[in-house]
Amino acid sequence: MKLYHIQKHNRLFAYDELQFDGKEYFTYEYSRQRKKMTQIGILTKEEANRVIVKQFNQEVVRLTLDEDSRIWYHRPKEWIEDNYNQKTDGIFGINTGGSFEVVAYNDKNEEIETAIVNITPGTMSLEEYKQIQLEVRKLFELFSYDLSERNIQEENILKRVQFPLYPQREFIELLNHFSEYTLKIMESPEQQLTVNRQKIHVHQVKKWKPSIIIENSIKQNGRVTADVIEKTYDIKEHQMIRFMAEEFQRRIEVEVAMEKKQLTLLMDEIRELQDVERKEQSNLVFKFRSLINILLSDCAKLQQRSLIWNDAANKVNEILDVPLLQCEPMTIEETHTFRMHPIYSEVYEIYLAYEELSPVLTETFRAFIQSLLKSPTLYEVWVLLKIIHYFSEWGLDAHEFVVDIQKKYKDSKSISGYKKQFRLENRPFDIGIYYDFTFDGSGYRPDFVIGFFEKENKQWSLHTLDAKYKCYSEMTKGEQTLLNDLKHSCTRYLNDLFDGDLKVKSATLIHTDIKSLNWNVKEKQVNTEDNQHTIAHFHFTPFESKNLQIYLKRLLHENSGLDHCCPKCGQFVEGTIQNTKEFQNKISRKILYNCSVCEEVWVANFCSSCSYHGRNMKLFYYNGYPKYLARQLYKYPTHNYNIQVGESWDVHCPNCYKTFDHKINYIVKHTIRNEPMIIRSF
């Protein structure tokens, strides 16, 4: 069976074959040839009289045969949902994402050929799609550890990230033992006797049976059919050892990919910090150097682990190349040989010890994870897990999240509608998360609602986040499409998601278009009251992933009033107030924050221009007297959401676009898709 990109008009045109990795096909939504969208065509055996497409073992498409080309294709408006034909614009291979199985049947309803095809969002590359699958699988595993019951060794912790790495040392010890005993098996492998009926010469007959005597007397050609006993090394234990070795290989590949990505992020942060360090003239330089040293230490740890993983990968490849293991892998099970044979039993015990390095997942939950990896909502689930991952650095119990998710899936076969308030110990706030939850009253269902509950004043700050699979920068009417999406998924939620006094503080789009990002959309059609940092959109992909961290930091400080909480670990930090100035009924000041737990540094400054002109002021009691406080202007050593000022470590005010030195004028060019272009006016 082969799969092609096709177009069907008056006649069917077949173009290139879909990308094939030896096991599965891959393509993208909205693929094009000659500026027109293509769908998927199936070329299968002549005897096929029915071809269907399945997802999650359910038929969703019946394909039609084009008699001229003998290619099967999907006619529009034949999508099947809940066992009923549905009127829809969904066309297999154009605008339907996920993983599908194509099955061909003959006239006896016998399955004759199958193929798997993965259709990724049009704005996502195949490499990104596979990376997301890898990270979803890894994050679920990571969250399944109950860290309160595990003694995580210092060598398996990155100080900057504060989340455990896979126990490499224990794995390498097991792999070395596995290699040692596998080599012993190669020297003296177990055999199996098989009985096969073959044509043999009469002088080869070991035991004459009546049937052989009769055949020989009738044919008298010197050859008879007899049972031949043969020895073979092709036993299921060797297939299982092959499976074990491939599992070790997969483990190494996963850890290498995850740690390589983490190393890249840390190196990028080091470069940003070193750049800021060169620009800064104050005592903050020493704090930046402290952060850089932490990052360098983490990078050195990852680089050393990379060398060890490389040696381990070579060792596994050597095992997989031995002649005895050139067989199909078989899922592990306990056998008589694994129980009783002294060497085979050691190999089996080593693999069981390897499995104990990872958390135990139920078969139901494993099936759930596997279904997610093939789901059209894979990107949304990945975003959810990355949010949980980042919040775990603030004290959220990720294991509690996984327990909840397993229960919800067991009860409803879905995680849509998930909601939870996570109570954080030793933090000034709790965190609330809603995923794909329908709210009473409005009936709206944002992809995510993120809430911060300030414990002292018992108030919630709520924020929506909606995922879009669009590449606005490549659309003919991308600006208008983005504007419509902002109205629908931001302005609407800000105004109407809740009834009564409860209001959404900010609304944001998350997408995969790396050429589009605006942390502070001011377009009047979507932000009618010109509020700062209430509407935004940003890109987030596996290889452009820092923006989610910036977004959550922005929610914490800018939108929830928790600027005294560390954006890295969530701890309360007592800021150092500097440069307090009073003028009539106004007051301005600068606050320096330095977290003693993780060394993070940030500054809450103020805009001199807005302070002078009385813009965006808030009432503040100073020494018992009411004063108006200038709007705080946040800046960070790395990952700023306020626009950076040229080559200096400073940021532009999101309201007037001036800086701390308000005497300098700027020309500002606004756009919806990207942050404003700010040019100094001379």
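Mentor: The count comes to three cavities of 30 Å³ or more. A cavity here is a set of points on a 1 Å grid over the protein atoms alone where a 1.4 Å probe fits but cannot get out. Points are joined across faces, edges and corners, and the volume is the space filled by probe spheres set on them. Do keep in mind that this is a predicted model: local features need pLDDT of at least 70 and side-chain atom pairs count only at pLDDT 80 or more, while totals for chains, interfaces and linings use all residues. Residues are numbered from 1 along each chain as its sequence is written, and side-chain values use heavy atoms, with hydrogens and water left out.

Let's begin with the largest cavity, whose volume is about 80 Å³. Its lining (residues with an atom within 4 Å of a point) is made of 13 residues, and N520, Y641, I643, P654 and Y657 are the closest to the centre. Sorted by class, seven of the lining residues are nonpolar, five are polar and one is charged. In this sorting Ala, Val, Leu, Ile, Met, Phe, Trp, Tyr, Cys and Pro are nonpolar, Asp, Glu, Lys and Arg are charged, and the others, Gly among them, are polar.

The second largest cavity has a volume of about 60 Å³. You can find it by looking for R160, E269, Y390, Q549, K553, P567, K568, E600, T638 and H639, which line it. Here the classes come to two nonpolar, three polar and five charged residues.

Pick out K568 from that lining and follow it. K568 sits in the loop between α12 and β24 (576-583). Helices (H or I, at least four residues) and strands (E, at least two) are DSSP runs numbered from the N terminus. K568 counts as buried because its relative accessibility is 8%, and buried means under 20% relative accessible area with a 1.4 Å probe, protein chains only. Neighbours within four places in sequence aside, K568 is in contact (heavy atoms within 4.5 Å) with R160, E393, W394, Q549, C598 and E600.

Helix α12 covers residues 546-559, 14 residues in total. From its first C-alpha to its last it reaches 19 Å, close to the 20 Å expected at 1.5 Å a residue, where the expected span is 1.5 Å times one less than the number of residues. The helix is mostly covered, with 13 of its 14 residues buried. Just after α12 comes G561, which takes a positive phi of about 70 degrees.

One more residue is worth a visit: Q632, in strand β29 (residues 632-635). Q632 is buried too, at 11% relative accessible area. Apart from residues up to four places away in sequence, Q632 touches D563, I591, A604 and N605.

Finally, zoom out to the whole protein. There are 13 helices and 31 strands, and the C-alpha atoms fill a box of roughly 125 × 65 × 50 Å along the principal axes. Of the 682 residues, 52% count as buried. Among contacts with a separation of 6 or more, 64% join residues 24 or more positions apart.

Notes: Buried means under 20% relative accessible area, exposed over 50%, partly exposed in between (1.4 Å probe, protein chains only). On a 1 Å grid over the protein atoms alone, a cavity is a set of points where a 1.4 Å probe fits but cannot get out, and a pocket is an open set with protein on both sides within 12 Å along at least five of seven lines; lining residues have an atom within 4 Å of a point.
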